[in-house]
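Morning, everyone. I have one structure to go through today. Please bring it up on your screens.

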Amino acid sequence: MNCLDVVDLSSDDELGEVDLKPVKLEPGTIGSMIQQQQNHSVQPVKLFSSKTQARKQASEENKSPNNALSTGQSSTSVLEQCQSPGDDTGVCSTSAVSPAPICRQFWKAGSYEGGLGSKVTLQNSTNYLHVHPLFLHSNATSHKWAFGAVAELLDNAIDEIQNGATFVIVDKTSNPRDGSPALLVQDDGGGMDPEAIRRCMSFGFSDKKSKSAIGQYGNGFKTSSMRLGADVIVFSRHLDDRSLTQSIGLLSYSFLTRTCHDRIVVPMVDYELNLSSGTLDVLHGREHFASNLSILLKWSPFSTEAELLKQFDDIGSHGTKIIIYNLWLNNDGNSELDFDSDEKDICISGDIKKVDTIPAWKAVNEQHIARRYHHSLRVYLSILYLRIPETFRIILRGEIVEHHNIADDLKYIEYILYKPQSVGSVEGAVVSTIGFLKEAPRVNIHGFCVYHKNRLILPFWQVVSYSDSRGRGVVGVLEANFVEPTHNKQDFERTSLFQKLEGRLKEMTWEYWDYHCGLIGYQIRKKSQPPASHYSSHFTGQSSVQESVGLNKTYMVSDRVKGRLDVAEQSIPISSHGRSMQGLPMKRKEHVDLVKIEKVKRQAGTGCKTYLQPLNGIGNHLRDEETRNLLQENKKLRAKCLEYDKRGEELTIKVEELKNEMREVQREYGQLLAELKSLDAVKDEKDVNVVEIEIPYQLQSGS
C-alpha cells in the first residue's frame, strides 16, 4: 500500500536502507508475552521493508540527505521546531507543554489562517496530490453528536471480537503535561502491525472483509477522533507467529496548524521484539526514527521515549490503546465531554432538555431511556448494539455497561415480517417488533429503533407526527440490513428502499395504534375500509411484501372489513403472560386452511369486491407462493420447537438423575453420620471404664 497518494505518513517508504537501534527493556516487560508463544517455533525476525518495486522507486526519487519526513515535505521545516537529538539512547523533548489548537471549540476550529498556498507542490518533476489539514476538521463535521463519534471507536473494538477481543475500555485519563482530561479507548483485539496502523491513519483504506463487520469505509477513526479532540495518539501491539511489533502514531491537528503545514503529516515509530536478545529493535531507519520520535515527544502528552513505551505495559500481548487529548470545548468554554457530573459515566454538558408535560408525568418522561441516551454515554452504549456476545464486555469508567434490549420495555407485542422489494425482486426480510412502552400513555415517546448489522443507527426514529395522540407510546425495534447507513452511522442513505421502509413503518404505527389504543385507555378507532390499492400492493409486487410472523396465519381479506383480530397477514399480540389478546392460549397450526380462506372471502360480501378482483390471476399465484413460504417457515419453526422439546426432555431427565444422585449422597451421608455417632458413643464408654478402674486403685494405694 502506498499511502503517499493519500496522506504523508512519514513511513519507511521514503527511505532506502533499514537501520536498527536497540531499545533496552525493563526486566520482565515482554517475558510474559514470550511465554504465550511457546507453542510457536522461533523464527528469525524479518524487518519491514518496501513491498513493491514502485514504492522503492518512489522512495529513491524523493530521498534527500535531510529527508526524514514524508515525500514532498522537507524535513527542515519541521525539524526547525523539534530538533533531532544527537543521543540515540534517550531521546527527550525540551517542550514542557504540548500546545493546544488555536481554537478549542470544534465548530470554530476550521478557521485555518496562516497564508498557506493552495497550489500543488512540484518536486523532482513529480506531482503529488496532498490532503490539506483542514480536511481533518471538515471530515469530522459529519459527526454532529459527540456520542456518535465515541460509537465509531467502539465499532472498531466490536469488529475485533473475531480476532479474540474480550473487552473495550472507555475511560477518562489525564494529559501528563498539563493535567487536562483526555479520553481513553482501549481493547484487547488483534492489534495493528506497522502496515495496518498506516492504513488506519490513512483515508479510505479498510481491510474489513467480513459481512458482519460494522466498519466499511475506512474513515471512522479519523472522523471520530478529530470530532472529540484536536489530537490523538495510538499505541498498538500485534503478535503473530513470526514477530511481535508495537507501533505509535500521532494524528495532531495542533501540530499541523501551529507548524503551518499544507498537507497532513502523521509521525509514526515502530518497534519489533528481538526474541534472541529480548530487546526492541527500531524499524525504518535511525534518521527516520529520530525525526518522527522528536515530533511525537514535542506534540504528544509524553515527553520521553520511556514514557511512550510505558503505555504498552497494560496492553498485553496484543491490543490497541487510543488517547484523545486537547478535547473540544462547548460554547460556554467547558469541556464538551463532562467527566465530573457522574464518576461512573461520561455526559454531554448542558444537553439535558426539559419535557413539556403534566407534572405527574414529568419524572417518568425525563428518566426514560429515550431521553437519557442523548446526554448519558452509559445509557447510549447499553442500547448501541442489538446483541453482544457473553464473552465481550464494554467497560465504562471501571464499570461494566449492562446491555439493554429495547424490546423488553414493550407490552402487547406484535412481530411483523416485512419483505422489501426493488424492481420486482425481494431484497430481504426483516422482523419488526412493535408494541406500547410499558409506561404508556404517560410517556410522550414513540418511534422505531433501527439497527444495521447489529449497530443502532436511528434510535427512536419518529416516522409519524401527531397532534391527537395517534401513535403515542408506540415503539418498534428492527434490524434493517438491506439499506445502507451514512458514513457517520447516524442515518441511512435516502434510497428508494429506505423511503419504502419509512412508509411501511408509518403505516405499521398507525395500524397498531388504531387497533390497540384501547389497551392504554384511548377510545378504539373504528377504521373505515381501506382502499383497494392499499391491500393490493401487498400482492401485486409494486412496492413491498408484508406479512406478520405469528403462529396462527390466515389471510387479511375479510377481517379488516369485519373488524376481527383473526386477520390475514396478522401478527400475534402477546401479553406479559404469554397469552393472546383475547386471553386465549395461543395454538400452533401446521398449515393454512385454504378452504376456510375462500369461505371468509365469500362472507366478506360486496365490501371486498374491489379487493378480491386483484387476487384473480397474478394475485392467486402470489398467494399460493406466499402460502408455500409460510408453510416452509412453519416447518422450520416446528422443527425448532421439537428440538427444544427434546432438549427440555433431556434436561428433565438430567435433573431427575441429579436428584437421585443427591438423594443417594444424602443417604450415604446419613449412614456415615450414624456410624460416627456410634463410634463416639463407644469412645465415651471406654473413657468411663478407665475412670472407674483408676479410682479404686488410687484409694487402695492411699490406704
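In what sense do strand 18 and strand 19 pair, and over how many bridges? Antiparallel, over four bridges. Keep in mind that this is a predicted model.

Let's stay with that pair. Strand 18 covers residues 447-452. Strand 19 covers residues 455-461. Tyr451 sits opposite Leu456 of strand 19. Two residues lie between the strands of this hairpin. Look at Lys453 there: its phi is positive, near 50°.

Now, is strand 19 buried or exposed? Seven of its seven residues are buried, so the rest of the structure largely encloses this strand.

Next stop, Ser243. Find the loop between strand 6, residues 229-239, and strand 7, residues 244-252. Ser243 is in that loop. Its relative accessible area is 9%. Buried means under 20%, so Ser243 counts as buried.

What does Ser243 touch, leaving aside neighbours within four places in sequence? His238 and Glu272. With Glu272 there is a polar contact, side chain to side chain, at 3.2 Å.

Last, confidence. The protein chain has a mean pLDDT of 74. Of its residues, 63% reach 70 or more. Residues 9-22 fall below 50, and that stretch has 58 contacts in the model beyond near neighbours in sequence. Residues 528-619 also stay under 50. For them the model has 153 contacts beyond four places in sequence. Where pLDDT is low, predicted coordinates should not be read in detail.

That's my tour. Over to you.

Key:
Residues are numbered from 1 along each chain as its sequence is written. This is a predicted model: local features need pLDDT of at least 70, side-chain atom pairs count only at pLDDT 80 or more; totals for chains, interfaces and linings use all residues. Side-chain values use heavy atoms; hydrogens and water are left out. pLDDT is the predictor's confidence in each residue, from 0 to 100. Contact means heavy atoms within 4.5 Å. Buried means under 20% relative accessible area, exposed over 50%, partly exposed in between (1.4 Å probe, protein chains only). Two strands pair if DSSP finds at least two bridges between them. A polar contact is a pair of N or O atoms within 3.5 Å; within protein, one must be able to donate a hydrogen and the other to accept it, and residues adjacent in sequence count only if both atoms are side-chain atoms.
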